[in-house]
Amino acid sequence: MDPALLRERELFKKKALATPVVEKKKKENDSSSSTKDEKKRIKPSTPASSSGNANSSSAILSYKTVGGNSQLKFGILAKIVKFMKTRHQEGDDHPLTLDEILDETNQLFVTNNIKTWLETEALPNNVKIEVTPDKKFIFKPPLKIKDKKSLLRLLKNYDLKGFGGILLDEIQESLPQCEKVLKHLQHEIIYITRPADKKKVVFYNDKTANLAIDEEFQKLWRSVPVESMDDEKIEDYLEKQGIKSMQDHGIKKKVAPIKRKKPTNRNRQFKRPRENEHLADVLENYDNMA
């Protein structure tokens, strides 16, 4: 073989023998760096960081528990009010204690804090609940009516005093066995639907106010189209026909007061003092007496 090639071979072997030492050092460096990374990963948390995490987690838990407690409290209150309302509508009007109400509504899981809140704040301040002197609770209806006679008496009183009618929703909420009572009074009352919100209003049917009106007059009354006319147009038409009976019932136009201008100094005329001309014959001149 060529001696030059042999020399290069020997040099290559020497380099090859020298390279494993360098690779071992690299491995040692790599292993040390990996152990350092593992130590960093498994580094124990400091007490300050652990306390901060604990505070944040406790704050989140407290926020959730507060929101949950408020929802739970008002949910229990709503269930109690609904139960007392249905109980009143069925005819049960004797008062109950808080424990009896919770037993009837299957809410025995209520804590003592919620019980005290219900007994001292929520139920006494609720407009639908009334507290008796012996600290019992009963439903408070919007109208004090118990039977057919009391309802008819109230409707007559409203009619005499000009109050109008009573909402059907209030009667249904206040009167026990409402449907039966209204069925018995179907000839004594009148239902009118309110155009604004489509709610029914109950009026007393005063039969003494019924008048016998001639059919010809009814036909004339119904033949007059007033759907496209407002109060002002009707009032103008009646005034043209010489009828002034609606002037107190129509829309009153507010007339703006006339503002009078205050006189300025320019507009003022200087008035000279008047001379006593009517005493010209009586006055005497005393200049020549000296």
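Predicted model: local features only at pLDDT ≥ 70, side-chain atom pairs only at ≥ 80, totals over all residues.
**Ground rules.** I number residues from 1 along each chain as its sequence is written.

I looked up the strand order and found an open sheet of 3 strands, 3-5-4, with antiparallel pairing. Its edges are strand 3 (166-167) and strand 4 (189-193), each pairing on one side only. I count two strands as paired if DSSP finds at least two bridges between them; helices (H or I, at least four residues) and strands (E, at least two) are DSSP runs, numbered from the N terminus. A reminder to myself: strands of a sheet pair through backbone hydrogen bonds, either parallel or antiparallel.

**Entry 2, strands 4 and 5.** Strand 4 runs antiparallel to strand 5 (residues 200-204) over 5 bridges. I traced Tyr191 to its bridge partner Val202 in strand 5, and Ile189 to Tyr204, which stands opposite. The hairpin of these strands has 6 residues between them, and Lys198 there takes a positive phi near 60°.

Asn106, not a glycine, has phi near 55°. I found Asn106 in the loop between helix 3 (98-104) and helix 4 (112-122). Lys135 also is no glycine, and its phi is positive at about 60°; its loop joins strand 1 (129-131) and strand 2 (137-139). Asn106 counts as exposed because its relative accessibility is 64%, and Lys135 is exposed with 62%. My cut-offs are buried under 20% relative accessible area, exposed over 50%, partly exposed in between (1.4 Å probe, protein chains only).

Leu211, Ile213, Phe217 and Trp221 make a nonpolar patch of about 530 Å². Leu211 sits in the loop between strand 5 and helix 8 (215-223) and counts as exposed at 71%. I also noted a patch of negative charge formed by Asp230, Asp231, Glu232, Asp236 and Glu239. Asp236 belongs to helix 9 (residues 231-240) and is partly exposed at 41%. Patch members have over 30% relative accessible area and no salt bridge, with like charges joined within 9 Å and nonpolar side chains (Val, Leu, Ile, Met, Phe, Trp, Tyr) within 5 Å. A salt bridge puts a side-chain nitrogen of Lys or Arg within 4 Å of a carboxyl oxygen of Asp or Glu.

Key: Heavy atoms only, no water. Areas by Shrake-Rupley, 256 points an atom, 1.4 Å probe, with all protein chains shown as cover. Lys, Arg positive; Asp, Glu negative; His and termini not counted. Charge placed at Lys NZ, Arg CZ, Asp CG, Glu CD.
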